[in-house]
Amino acid sequence: MKSRSTSTRKNRLRAGFTLVEIMIAVAIFTMLLGFGLIVGMDFYRSYSFNSERNISLAVLRKARTEAMVNIDQAAHGVHITATQYTIFEGAAFTGRPAAQVALDETIKAQPTITLTPVDIVFNQLDGSVTTPGSFTVSDGARLSTVLINNEGRIDW
């Protein structure tokens, strides 16, 4: 009987994990976590960039629609700086009366995004532009160019 209890005691001691096995499991888990973090951050940056491009398109479309609907019987445009969009009323962003400046709508770009400064003015009723233009949306790794032709068509 002594041999049976001795062998049972030894089997109980061998039932756990060794330090090496635990360290290997932790290393594998850490590598999977690191890979998941890299993929997740890349997905977030891509989503952020596409979101900002869509915002810029929506801002342009809003200004064009306001011009075509002939709100306040005036042209409407978008003043784009490196960090924000401003939808304005009038034939030019500068030199407008204070009453028109008070109607401006400003939308800030995401902090990781850089925009090329430009003014786009859509003519009333037909939504065309006198001076076609373009600007870029960039996050450092990706770049998207938005084009506005003389008919007011917005392409990206």
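Visitor: How many helices and strands does the protein chain have?

Guide: The protein chain has 3 helices and 8 strands. Helices (H or I, at least four residues) and strands (E, at least two) are DSSP runs, numbered from the N terminus. Along the sequence the pattern reads α-α-β-β-α-β-β-β-β-β-β.

Visitor: What should I know before reading details?

Guide: This is a predicted model; local features need pLDDT of at least 70, side-chain atom pairs count only at pLDDT 80 or more, and totals for chains, interfaces and linings use all residues. Residues are numbered from 1 along each chain as its sequence is written, and side-chain values use heavy atoms, with hydrogens and water left out.

Visitor: Is Gly127 buried or exposed?

Guide: Buried means under 20% relative accessible area, exposed over 50%, partly exposed in between (1.4 Å probe, protein chains only). Gly127 counts as buried because its relative accessibility is 0%. Gly127 sits in the loop between β5 (118–122) and β6 (133–138).

Visitor: Which residues does Gly127 touch?

Guide: Contact means heavy atoms within 4.5 Å. Leaving out residues up to four places away in sequence, Gly127 touches Arg64, Met68, Phe122, Glu151 and Gly152. His76 is 51 residues from Gly127 in sequence, and their C-alpha atoms are 8.9 Å apart.
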